[in-house]
Amino acid sequence: MPPLEPARLILDANGTPFSEVYGDVYHSVAGGHAQSRHVFLAGNGLPARWRGKKRFVILETGFGLGLNFLATWLEWLNDPLRCAELQFVSVEKHPFRADELASAHAAWPELSSVAAELHRCWPALVPGFHRLELVERRLTLTLGFGEAAQLLSRIETPVDAFYLDGFSPARNPELWSPEICRSLASLAVPGATLATWSVAGQVRRALTAAKFDVDKRPGYAGKRQMLVGRFGPGDVHRHLEVDAHPNAVDG
Ligand SMILES: C[S@@+](CC[C@H](N)C(=O)[O-])C[C@H]1O[C@@H](n2cnc3c(N)ncnc32)[C@H](O)[C@@H]1O
């Protein structure tokens with residue numbers, strides 16, 4: 001694998017982390033943590049869907065600043081009915097260094113306890129997979145550093161929920177490609193769900209072709225729409241309405 005090109009922490013005029021490589025922001029200007037909860041957690045019917053399960057597996061495309069991971073970790077920790085074991089798998093082509101993650105995470109004091117733990121065990125920026133065992137091994141973060149298409153083809157863990165969080169599909173098409181969507185489908189358990197902030201036609205078509213049943217939902221803050229989906233036959237509307245997290249949907 002070629003050596004990694006780490007990301008550099010740069011803020012745009014609104015103070016939002018911005019990628020010079022992709023020309024896009026890492027999260028909504030309206031708020032990173034709240035966006036994670038609205039789009040990715042509630043969009044996947046979490047925390048309700050992990051309740052009562054021995055193990056629940058989430059796969060994310062684009063670890064970035066790890067905000068979705070930290071938001072998920074905190075939600076899981078605070079849920080008395082949480083699954084016994086949570087596995088979070090994420091791929092990232094341009095990882096940040098630990099000190100830049102720490103500097104970005106300072107914007108969310110409510111995440112500080114879990115963020116500090118992540119900074120402590122952040123791996124060296126070496127291509128390939130890195131497994132971080134947290135919360136007495138009940139939470140596992142598997143980070144794949146490198147190109148998503150190659151890394152996803154090496155994953156074998158069945159996945160319950162997908163967080164699709166590339167940059168804008170116009171600027172980052174390779175992370176939303178039909179090939180990526182087929183890789184995700186090959187890992188999905190029956191009834192696995194997905195959520196993403198993007199409703200771009202190319203994304204919907206690639207997901208539908210990969211046998212995800214997709215549907216639009218109200219987006220976060222100023223964004224009119226987001227996308228949810230379910231793998232295989234079934235009714236995505238009914239499934240997610242039953243499971244949606246009321247606070248996150250409202251927030
Ligand atoms: C919007 S950011 C992700 C934000 C992140 N989920 C969070 O919670 O902070 C998109 C990420 O996808 C990564 N990325 C873009 N193309 C990629 C590729 N082909 N393979 C792996 N990662 C990629 C970018 O480097 C960036 O960190």
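Which residue in strand 2 does Ile10 stand opposite? I found Phe18 there.

Before going on, I note that this is a predicted model, where local features need pLDDT of at least 70, side-chain atom pairs count only at pLDDT 80 or more, and totals for chains, interfaces and linings use all residues. Residues are numbered from 1 along each chain as its sequence is written, and side-chain values use heavy atoms, with hydrogens and water left out.

I see 3 strands in an open sheet, ordered 1-2-3 with antiparallel pairing. Strand 1 (10-11) and strand 3 are the edges with a single partner strand each, so one side of each has no neighbour in the sheet. Strand 1 is joined to strand 2 (residues 17-19) by 2 bridges. Two strands pair if DSSP finds at least two bridges between them; strands (E, at least two residues) and helices (H or I, at least four) are DSSP runs numbered from the N terminus.

**Helix 2.** I checked residues 67-77: 10 of the 11 are buried, so helix 2 is largely enclosed by the rest of the structure. Among the buried ones are Phe69, Trp73 and Trp76. Buried means under 20% relative accessible area (1.4 Å probe, protein chains only).

**Lining of the largest pocket.** I looked up which elements contribute: helix 1 (32-41) gives the most, with 5 residues. Strand 5 (85-92) and strand 11 (225-231) are among the elements that each supply at least two. The lining divides into 20 nonpolar, 17 polar and 11 charged residues. Here Ala, Val, Leu, Ile, Met, Phe, Trp, Tyr, Cys and Pro count as nonpolar, Asp, Glu, Lys and Arg as charged, and the others, Gly among them, as polar.

Definitions and conventions: Buried means under 20% relative accessible area, exposed over 50%, partly exposed in between (1.4 Å probe, protein chains only).
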